[in-house]
Amino acid sequence: MRPEKTSVKGRVDLHVHTTASDGTWRPAEVVREALELGLEAVGIADHDTVEGLAGAMEEGRRLSLEVVPGVEINTEDRGKEIHLLGYYVEPTPQFTGLLQNMRQARFDRMAEMVDKLRGLGMEVSRERILEIAGDAAPGRPHAARALVEKGYVQSVREAFERYLDIGRPAYVERFRLTPARAVEAILAAGGVPVLAHPGLIGDDLYIPALVEKGLKGLEVYHPAHDRSTSLHYLKMARHYGLLATGGSDCHGPAAGQPVLLGTVTVPRAVIEELQEARE
Ligand code: AMP
Ligand code: ZN
Ligand code: FE
Ligand code: FE
């Protein structure tokens, strides 16, 4: 699964997670791994946080590997989960305040989830879930791991199926922005909004309105996109005059899953296009 050095020469992976959200490599480790693989640059895009960027940028300077700062904002529109990448956002008080609110909402929601689990007869502690989450804001995967640990379920998958999935008894909604609001926030912070993995969303009907709002790119290349899906979004990007970005959505090494870093890349020139697209 590890790509050959020659195959990533001059290429960049613009979508990688760290322990600042739900990845397993620390930010500096991602940079070292990217260098080791022979990537020309690496883009960090953690869910709803920019906390991992400083460590990654610092390691990038130390090792002379270019790091592209980004964020992946999880939004919702009419029941659909839509992710927006924001590259080169400035950490303005408004922008970091918005992320901070989203983070706080995750803690509040986890308290509610623990109450529901208790009501179902399962004693999992909020403290343990926060410990499992580490630097990240707590999410359902962390609650699932706590349930496995306590022996209430055999696997994370079973935890979701029985308790945590939408419609299951311990599910709690969490506060989410709309995609339009996320595009606005990214633009207001001087960043470049790019729609993440559009092929995962199911339809394209919501895209024109985002373009209208100032969307600047589509993540055309992603592990969940087959060739025809990428081609479809490449054509759409050309149609709307949007940038075509890509990345592996690597979450680092995890049990039973391949490490994706460097498996989906785009030419270095895409970074220049992103920089030119900044306002
Ligand atoms: P949260 O943001 O706390 O609502 O958790 C969402 C995360 O849970 C997603 O990013 C997935 O990684 C994970 N997830 C969602 N559904 C499932 C499932 N059925 N099985 C395992 N993991 C899931
Ligand atoms: Zn993730
Ligand atoms: Fe995503
Ligand atoms: Fe991602």
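## Asp77 and its contacts

Two residues are in contact when heavy atoms of each lie within 4.5 Å. By this criterion, in the predicted model described here, Asp77 touches Ile82, Pro179 and Tyr206, leaving aside residues up to four places away in sequence.

Asp77 itself is placed in strand 3. Its side chain is joined to the side chain of Arg78 by a polar contact of 3.0 Å.

## The sheet

Strands of a sheet pair through backbone hydrogen bonds, in either a parallel or an antiparallel manner. In this model, 8 strands form an open sheet with mixed pairing, and their order is 7-6-5-4-3-2-1-8. The edges are formed by strand 7, residues 243-246, and strand 8, residues 266-267, each of which pairs on one side only.

Which residues are around ligand 1? They are Arg106, Arg109, Gly139, Arg140, Pro141, Phe160, Asp165 and Arg174. Sorted by class, this shell has 5 charged, 2 nonpolar and 1 polar residues.

Several atom pairs can be described individually. A backbone N or O atom of Arg140 lies 2.8 Å from an oxygen atom of ligand 1. For Asp165, a polar side-chain atom is found 3.3 Å from a nitrogen atom of the ligand, while for Arg174 a polar side-chain atom lies 3.4 Å from an oxygen atom of the ligand. Ligand 1 exposes 500 Å² when taken alone, and the protein buries 63% of that area. Helix 3 (93-119) and helix 5 (140-149) are the elements that give two or more residues to the shell around the ligand.

Note on methods: Residues are numbered from 1 along each chain as its sequence is written. Chains are lettered from A and ligands numbered from 1 in the order in which they are written. This is a predicted model: local features need pLDDT of at least 70, side-chain atom pairs count only at pLDDT 80 or more; totals for chains, interfaces and linings use all residues. Side-chain values use heavy atoms; hydrogens and water are left out. Two strands pair if DSSP finds at least two bridges between them. Helices (H or I, at least four residues) and strands (E, at least two) are DSSP runs, numbered from the N terminus. A residue is near a molecule or strand if one of its heavy atoms lies within 4 Å of it. A polar contact is a pair of N or O atoms within 3.5 Å; within protein, one must be able to donate a hydrogen and the other to accept it, and residues adjacent in sequence count only if both atoms are side-chain atoms. Accessible areas come from the Shrake-Rupley method with a 1.4 Å probe; for residues, only the protein chains shown count as cover. Ala, Val, Leu, Ile, Met, Phe, Trp, Tyr, Cys and Pro count as nonpolar, Asp, Glu, Lys and Arg as charged, and the others, Gly among them, as polar.
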